[in-house]
Amino acid sequence: MRKLKKILVVIEPKQMRQVALERAMAIARAAKGSHHIIAVLPVTEFSQNLISKLSVENDEVIKAAQAKNEKWLQAYLSIHAMGFEVEPRVLVSKTIGKDITHMAHEEGVDLIIKAHEVHGMLDSVLFTPLDWQLLRHAPVPVLIAKDHIWHPTGTVAMALDLSDPEDVELRMLNVRLLREAQELCRIMHCDLHILNAIPPLLPPATIDLPGFTPDLLGDAALKEGCKAVLSFAARHRIPADFCHIREGQPDEVIPTLCSELNPTALFIGTSARKGLAVALVGNICERVVDELDCDVAVITPKAVIERVPMAAESVSSLH
């Protein structure tokens with residue numbers, strides 16, 4: 001969200017209220033600058049495959065359907081996005097998630113906003129919802145907007161992950177999360193709070209040493225975790241009072257802290273697991289997103305490692 005100039009909004013088909021678009025306009029209004037919004041209406045090709053079997057004039061039917069979608073989107077934006085620079089686009093594809101992430105990279109957008117979807121227990125096994133595809137693979141931060149009137153509360157939360165101090169990629173992810181959260185705080189005039197969950201240390205049951213007490217080992221781990229969080233906060237000039245540390249699993253601690261703080265948005269990183277690991281374990285951020293009432297901004301390792309060029313920078317680099 002640094003140097004926020006261009007936002008890609010995913011439009012929900014057949015919805016009269018577009019939460020993602022509302023959020024993009026609210027951020028652009030608060031930032032008080034020139035912001036370009038790309039409104040993308042995704043249309044899958046499943047219906048077109050059926051049409052191709054029923055009609056020899058498949059191309060004409062497809063063109064008519066796309067023109068109808070474009071007309072609806074333009075009419076919607078003319079009413080609900082007055083005063084904003086919004087570019088309408090209809091994306092027809094069999095792989096919507098992949099094409100949206102590709103578009104975000106090509107256009108050099110700074111943020112993708114997608115409305116939250118309600119997920120079932122078997123979603124990660126049978127198919128991958130569009131918002132989960134974006135959370136796992138987007139090259140830029142993704143903001144999952146919840147269906148409510150957006151009123152900044154004065155607090156933005158960031159879930160800090162210090163589980164592996166030696167992991168360079170994880171350290172980079174934490175810093176990127178911090179910078180993005182600080183930018184939203186600057187725009188919305190909010191305070192940044194750090195959330196951290198320290199999983200309880202469960203030593204092997206076979207340990208049987210004279211004077212060994214598992215509780216002491218757990219207390220030492222908790223103290224080290226608190227020390228690491230406060231050290232991170234001090235380096236980035238965040239008051240200790242704005243650090244919230246609890247013992248427990250992240251997918252339990254983070255929703256609890258958010259219910260207490262009622263933040264405008266939560267910033268969290270994702271492990272971007274793939275394949276069977278997702279079906280069996282899932283990503284913490286995906287489980288957390290469904291439980292929270294606030295918006296959730298997610299950053300993938302891909303968004304940290306890859307350098308996504310801005311459109312203006314791409315043009316200037318050619319001269």
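Biologist: Why does Tyr-76 count as buried?

Modeller: Buried means under 20% relative accessible area, exposed is over 50%, and partly exposed falls in between, with a 1.4 Å probe and protein chains only. Tyr-76 has 6% relative accessibility, so Tyr-76 counts as buried. Keep in mind that this is a predicted model, where local features need pLDDT of at least 70 and side-chain atom pairs count only at pLDDT 80 or more, while totals for chains, interfaces and linings use all residues. Residues are numbered from 1 along each chain as its sequence is written, and side-chain values use heavy atoms, with hydrogens and water left out.

Biologist: And what makes Trp-72 partly exposed?

Modeller: Its relative accessibility is 28%, so Trp-72 counts as partly exposed.

Biologist: Why is the pair of Trp-72 and Tyr-76 called stacked?

Modeller: Rings of Phe, Tyr and Trp (its six-membered ring) pair if their centres lie within 6.5 Å; planes under 30 degrees apart count as stacked, over 60 as edge-to-face, and the rest as tilted. The structure holds one aromatic pair. For Trp-72 and Tyr-76, the ring centres are 5.4 Å apart and the planes sit at 25°, so this pair is stacked.

Biologist: Where do Trp-72 and Tyr-76 lie?

Modeller: Both are in helix H3 (residues 58-80), four residues apart, about one turn of the helix. Helices here are DSSP runs of H or I with at least four residues, strands are E runs of at least two, and both are numbered from the N terminus.

Biologist: How do you know that the span of helix H1 agrees with what it should be?

Modeller: The expected span is 1.5 Å times one less than the number of residues. H1 (residues 19-31) has 13 residues and should span 18 Å; its end C-alpha atoms are 18 Å apart, so the two agree. Buried residues in H1 include Val-19, Leu-21, Met-25 and Ile-27. After H1 comes Lys-32, with a positive phi near 55°.

Biologist: What makes strand E9 mostly covered?

Modeller: E9 (residues 265-269) has five residues, and four of them are buried.

Biologist: How do you know that E9 pairs with strands E6 and E10?

Modeller: Two strands pair if DSSP finds at least two bridges between them. Strand E6 (residues 155-159) and E9 run parallel, joined by three bridges, with Ala-157 opposite Leu-266 in E9. E9 and strand E10 (residues 295-299) also run parallel, joined by five bridges; there, Ala-265 has Asp-295 as its bridge partner.

Biologist: How many helices and strands are there in the protein chain?

Modeller: The chain has 13 helices and ten strands, and 45% of its 319 residues are buried.
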